[in-house]
Amino acid sequence: MEAEEERFPTLRQVLLLFVFLAQTSAEQKGYSVAEETVGGSFVANLAKDIGLEVRELSGRRARVIFNNNKNHFQLNLQTGDLQVNEKLDREELCGPTEPCVLQFQVLLEEPLEVYRFKLLVRDINDNSPVFPQAEMILKIMESTPPGTAFPLKNAQDLDVGINNVQNYTIHPNSHFHVLTRNGSEGRKYPVLILDKALDREEQPELRLTLTAVDGGAPPRSGTSLVLIEVLDINDNAPEFVQPLYRVQILENSPLGSLVVTVSAKDLDMGINGEVSYSFFYGDEEITRTFALSERTGEMTIIRKLDFEKTVSYEVDIKASDGAGLSGKCTVIIQVVDINDNTPELKVVSLTSSIPENSPETTIALFSVQDPDSGENGRMVCSIQEDLPFTLKHSVENFYKLVTEGPLDRENKAEYNITITVTDLGTPRLKTQHNITLLVSDVNDNAPAFTQTSYTLFLRENNSPALHIGSVSATDRDAGANAQVTYSLLPPHDPQLPLASLVSINADNGHLFALRALDFEALRAFEFRVGATDRGSPALSSQALVRVQVLDANDNAPFVLYPLQNGSAPCTELVPRAAEPGYVVSKVVAVDADSGQNAWLSYQLLRATEPGLFGVWAHNGEVRTARLLSERDAAKHRLVVLVKDNGEPALSASVTLHVLLVDGFSQPYLPLPEAAAEQAQADPLTVYLVIALASVSSLFLFSVLAFIAVRLCRRSRAAWVGGCSVPEGHLPGHLVDVSGTGTLSQSYQYEVCLMGSTGTTSEFKFLKSVASNHPGSVNGVEENSNFVNGFGFN
């Protein structure tokens, strides 16, 4: 019995040494159990997994040993089941570490045999998010522009993964909304965004409720009151020299060692420029480990660091000025261990080139090793984050470098991949190996036009074979896959003679006009062009080309009114009582050109009496320039010049005949020719009477009596009234000449011929008829055609 007791300590030492140092040949297996599982719950049947009968467990003195020397589980020797010994708390066992894996061994003492196992403790959502402070005070200047971001203190959740904080909300949010940002190490923090400008005089304080929600099922949440104080103008907040500080410090650094000195500047003066430093939130772990000088920004160690407990710290520091504005920076402190061996990397196989669009492909197979042991011998392999490759662990210490998916040569034709192998020692040592991978081309890109549509401008009357423009397409492929040829595609409109209008150079996309174009016949036309590469299979694309024919001033103005067709000229009637600005007529002209080439202007070129009439330059209206008098001649001839605005300008002229009348209601109106003849006949008669009087006074008396009788008859006929129009002599109807011009109103008169038997033709203007016609002037339409019928020139 004593021999057995003496032998047992020795056996225990051997067993413990074997457990922690020796490598067993048994395959390591893993189990999982959710935290908070009650004691006695079944985890796994170890006897079955080991391959033993249940009765052998007692005979071979089987027991379970955990690395942390705690009995979280127990082995039921009666059933071979691994059972929960006590309720598990994942947060107590592993803290923020994820996954939470417990290592344990099954020890069979007789004969000696060890089996290694892993036990994953799964997290459940048993912790709610908790803010470090129940109330956060945020001071914001009223001049802060919308869109400004304000970082808020994040909530802490002892759970991990999806059960940790996932989202933040704010209520009410009339002035703000909150964004959830991802920080380092997967932590999420809220950022308050100003949506609407603040007005301190209107609302000096806002109280918002910030809610943090985790991703558990059901979700848990925590709240904190955000008190926003709106400050008057202090237009410069403290700004750190750098927003992110990264420092490394040995875990055996003495207390009081300087970790980092942060520095912030404030451009303001006085109290608004005095900067003080503080931790952004009062995390107990941070405040117990580090001290921060309020004035200098120096951070020092006040508690021993433990690499095995905490590898790194992320500390948020706030710099505040005297007026309440603040800035924020982040200090990432990496606690490092001691290390003196560099990891080794050996490439077993390597591929230097792959075609683009290839599926997942292995680029390299390599192995890593480090002569160190423990933490200093553990290695991490990585590549650049911005590369479409990933590292996959194969077996033992072998890794594969594979593509994440098809590569795109047009995006990047060559990759320089740096494989970095880093150990976890202190200081960390690493080895890098560079691999160059070429991506060969595949015809997977169609030619792309620089524009989806082109608009080309061509002046009419162009010379044939004129270069009118170009289209251009590029192909992101290489070699023959990128060589582009151009062609004209059949037009949508079969009536368009595209082949006789334009041609295209197949090599460079230059477009040429094959014949002269006429703007008045064809103002624009469209067609499609195609671009095809020389890949296999060939890819193509097309673009729309619109050719806009530009006008040239090749058409002179054409007068629509008054007509200048060689017929009897048009005579305009104007009452002598007309006021200055009275509309006599309007010259209406058009121009077949367009744009400024069709802008017409009017001017009075010649006039019988200058200064009596004028022409409005923009609408062609002929108006009286002054009051008319009895001394003004009754008949006037006006020549109006119509000129376009082209370069050089083209013009046309039109002649207007204007007849001045005493009024549209006078009993009769002698023709100008008859009046002139009468005016000439009276003096001649006088001279004849005087001559004859010298011969015979009796003969003179007889002649004067005869003239008196004639005048009396003519006067009585005029005063009797009425208008006798012999049938077939002149139709007594109304003629409306509104035309197509721009006169504001049109004229309409009723005219008839006196029924005198004399040789002198006389007119009687019975009335002016008001008209609502859109082209009338002053409610009167002008019967110019009627007047023309009587030969007024």
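Let's start with a sheet. Four strands form it, in the order S8-S14-S13-S10. The sheet is open, and its pairing is mixed. This is a predicted model, so keep that in mind throughout.

Which strands stand at the edges? Strand S8, residues 135-141, and strand S10, residues 165-171. Each has a single partner strand, so one side of each is left without a neighbour in the sheet. On average, neighbouring strands here are turned by 25 degrees against each other, direction ignored.

Stay with S10. How many bridges join S10 to strand S13? Six, and the two strands run antiparallel. S13 covers residues 205-214. Within this pairing, Asn167 stands opposite Val213 in S13.

Next, Thr289. It sits in helix H5, residues 284-289. Buried or exposed? Thr289 counts as buried, because its relative accessibility is 0%, and the cut-off for buried is under 20%. Now its side chain. A polar atom there lies 2.7 Å from the backbone oxygen of Glu285. What else does Thr289 touch? Set aside neighbours within four places in sequence. Then Thr289 is in contact with Thr300, Ile301, Ile302, Arg303, Leu305 and Tyr313.

Last stop, Cys570. Where is it? Cys570 lies in the loop between strand S41, residues 558-561, and strand S42, residues 571-575. At 9% relative accessibility, Cys570 also counts as buried. Now look along the chain to Leu656. Cys570 and Leu656 are 86 residues apart in sequence. Their C-alpha atoms are separated by 6.8 Å.

To recap: the sheet has S8 and S10 at its edges, Thr289 is buried at 0%, and Cys570 is buried at 9%.

Technical notes: Residues numbered from 1 in each chain as written. Predicted model: local features only at pLDDT ≥ 70, side-chain atom pairs only at ≥ 80, totals over all residues. Heavy atoms only, no water. Buried < 20%, exposed > 50% of the residue type's maximum accessible area, 1.4 Å probe, protein only. Polar contact = N/O pair within 3.5 Å; in protein donor to acceptor, adjacent residues only side chain to side chain. Contact = heavy atoms within 4.5 Å. Pairing = 2+ DSSP bridges. Axes fitted to C-alpha atoms, helices over the stretch in contact; angles between N-to-C directions.
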